[in-house]
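Good morning, colleagues. Please look at the sequence and the structure on the screen while I speak.

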Amino acid sequence: MEWLSSSLSPTFALKITPSKPSPMLTLPSPSFSCFAAAASPQQGSKTSSKPPKNLSFTTPTTTNTAKTNTTSSTDTSVPTKKVLVPIGLGTEEMEAVITVDVLRRAGAEVTMASVEPQLEIEASGGTRLVADTSISTCGGQVFDLIALPGGMPGAVRLRESDILKKIMSKQAEEKRLYGAICAAPAVTLLPWGLGRKKQITCHPAFVDKLPNFWAVKSNIQVSGELTTSRGPGTSFEFALCLVEQLFGESVAKEVGESLLMHSAHESLIKEEFNKVEWSFDHMPRVLIPIANGSEEIEVVTIVDVLRRAKVDVVVASVEKSVQVVASQGTKIIAEKLIRDASLSVYDLIILPGGITGAERLQKSRILKKLLKEQEAAGRIYGAVCSSPLVLHKHGLLKEKRVTAHPSVISKLTNEVVNGTKVVVDGKVITSGGLATVTDFALAIVSKFFGNARARSVAEGLVYEYPRN
């Protein structure tokens with residue numbers, strides 16, 4: 001799948017093996033596929049196997065709303081693919097939300113199920129998520145795929161769920177697709193006896209828990225029905241590989257392009273104009289306003305990355321309730337309502353995207369007042385995806401160079417910088433969003449604390465950070 005090879009980072013590596021180890025073959029092909037993947041330059045090799053027999057390669061057309069996700073195709077007899085993503089206290093939010101978001105974009109019917117007594121959980125980075133249902137309701141269902149996010153103690157909480165263990169064991173026994181990322185392969189699957197005699201990968205911090213003979217260092221490892229991956233920074237690759245196995249290469253390509261994966265690889269990481277220092281004598285405080293329809297990938301990624309850098313992040317809802325339903329149906333609970341958050345001063349205000357979410361942010365009078373005050377005081381503000389248009393309509397991008405999601409760039413009358421993921425102009429920072437948002441968040445960390453802190457955070461994410 002050549003398109004995905006060009007859309008992923010240069011250090012991306014995928015290996016695919018049958019259940020038994022095979023000799024490592026050096027292949028020169030530059031193309032990527034879950035079933036015919038070239039190894040990265042660092043790995044230099046790969047192994048191959050045939051795809052599992054139960055995979056469907058029907059090309060669906062996708063309809064996504066905040067409440068329903070359906071898949072239709074020319075063959076009306078093909079049922080919707082059902083996916084289970086369990087979560088618990090301390091689940092890594094990027095891994096859970098990116099996986100759910102990407103699979104829903106592909107047309108899968110995704111159920112996010114809590115292994116806790118309650119549906120609301122606090123993820124490892126402090127984001128509060130609300131599951132669709134309890135794991136207890138999932139025992140009698142058949143899923144085409146079950147994907148376990150990592151995070152600590154989230155992976156332990158998943159492991160301790162007897163119901164989930166039974167569901168996963170049956171999934172593996174019946175040779176249906178299952179996957180795990182970050183800590184979950186080592187902390188959850190192996191103690192259950194799953195993943196034995198299969199080559200698997202996991203977060204570098206947990207590699208020592210894997211049997212040496214079966215451990216690999218590739219970002220993605222496909223071994224029969226099992227797919228494993230390394231961390232938050234490889235979540236897009238993980239999710240797209242699962243999409244390909246469920247729906248086929250053409251759907252994975254379409255979804256990858258909608259996520260700006262291709263442009264994320266080809267673009268420069270950051271361009272900066274009118275450079276000024278973003279320095280503080282205190283821990284920077286950041287406000288992230290959210291609304292119904294905000295893009296969940298962008299919300300959780302920015303929050304997660306900044307909190308890993310020890311930034312004080314406040315998530316505030318512009319709705320009447322602290323709970324919002326994001327663009328792909330993920331329910332997020334903010335810490336405050338915007339009227340309460342407006343009583344404080346912030347060093348940086350960041351607007352996440354999502355078409356509906358951006359429109360609702362624009363309509364918030366309180367947020368507009370905050371942004372105007374932010375500019376007047378010479379403090380920092382920014383936006384990703386479709387939300388630079390919000391700043392533009394509020395008159396906050398005058399004489400500023402910016403970038404945005406391709407769908408709104410034509411509506412911006414100021415100078416647009418193409419071919420770069422992140423644009424910084426003085427005290428304004430913008431990005432195209434989605435697959436570029438990790439670089440956006442790391443650019444903020446770099447501006448706040450320097451490249452060393454940003455590189456350290458990137459390493460924890462298992463995400464490539466430029467040396468220069």
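This is a predicted model: local features need pLDDT of at least 70, side-chain atom pairs count only at pLDDT 80 or more; totals for chains, interfaces and linings use all residues.

Where is the place of proline 153? Proline 153 sits in the loop that runs between β9 (145-148) and α3 (154-159). The peptide bond joining methionine 152 and proline 153 is cis, with an omega of about 5°. As background, most peptide bonds are trans, and most residues other than glycine have a negative phi.

Cysteine 182 is not a glycine, yet its phi is positive, at about 65°. Cysteine 182 belongs to the loop between β10 (177-181) and α5 (184-189). Leucine 434 is not a glycine either, and it has a positive phi of about 50°. Leucine 434 lies in the loop between β22 (428-431) and α15 (437-449). Are these residues buried or exposed? Cysteine 182 counts as buried because its relative accessible area is 6%, under the 20% limit. Leucine 434 is likewise buried, with a relative accessible area of 4%.

Let me now turn to the protein as a whole. Its secondary structure comes to 16 helices and 22 strands. The protein has 468 residues, of which 60% count as buried. If we take contacts between residues at least 6 apart in sequence, 71% of them join residues at least 24 apart.

Next, the interior. In soluble globular proteins, nonpolar side chains tend to be buried together. Here, the largest nonpolar core has 82 residues. Val102, Leu103, Leu259, Leu306, Ile350 and Phe440 have the most contacts inside this core. Which helix gives the most to this core? Helix α6 (residues 235-247) does, with nine residues. Another core, of 30 residues, lies apart from it; Ile135, Ala184, Ala186 and Val187 are among its members.

Not counting residues up to four places away in sequence, leucine 103 touches Val83, Ala108, Val110, Leu145, Ala239, Leu242, Val243 and Leu246. Leu103 is also one of the α2 residues that meet α6.

How do these two helices pack? Two packed helices are described by the angle between their axes and the distance between the axes. The axes of α2 (residues 93-105) and α6 come within 9 Å and cross at roughly 35°. The crossing in which α2 passes α6 is right-handed. On the α2 side, Met94, Glu95, Ile98, Thr99, Val102 and Leu103 take part. They meet a set of α6 residues including Phe236, Phe238, Leu240 and Val243. By class, the contact of α2 with α6 has eleven nonpolar, two polar and one charged residues.

I shall finish with two further positions. Serine 364 is located in the loop between α11 (355-363) and α12 (365-376). Serine 364 is buried, its relative accessible area being 9%. Its side chain reaches the backbone nitrogen of leucine 367 at 3.1 Å. Leaving aside neighbours within four places in sequence, serine 364 is in contact with Val318 and Ile338.

The other position is lysine 170, in helix α4 (residues 162-173). Lysine 170 is partly exposed, because its relative accessible area of 41% lies between the 20% and 50% limits. Lysine 170 and valine 142 are 28 residues apart in sequence, and their C-alpha atoms are 9.5 Å apart in space.

Thank you for your attention.

Definitions and conventions. Residues are numbered from 1 along each chain as its sequence is written. Side-chain values use heavy atoms; hydrogens and water are left out. A nonpolar core is a set of buried Ala, Val, Leu, Ile, Met, Phe, Trp, Tyr and Cys residues joined through side-chain atoms within 4.5 Å. Buried means under 20% relative accessible area, exposed over 50%, partly exposed in between (1.4 Å probe, protein chains only). Helices (H or I, at least four residues) and strands (E, at least two) are DSSP runs, numbered from the N terminus. Contact means heavy atoms within 4.5 Å. Axes are lines fitted to C-alpha atoms, for helices over the stretch in contact, and angles run from 0 to 180 degrees between N-to-C directions. A crossing is left-handed if the near helix is turned anticlockwise from the far one by less than a right angle, and right-handed if clockwise. Ala, Val, Leu, Ile, Met, Phe, Trp, Tyr, Cys and Pro count as nonpolar, Asp, Glu, Lys and Arg as charged, and the others, Gly among them, as polar. A polar contact is a pair of N or O atoms within 3.5 Å; within protein, one must be able to donate a hydrogen and the other to accept it, and residues adjacent in sequence count only if both atoms are side-chain atoms.
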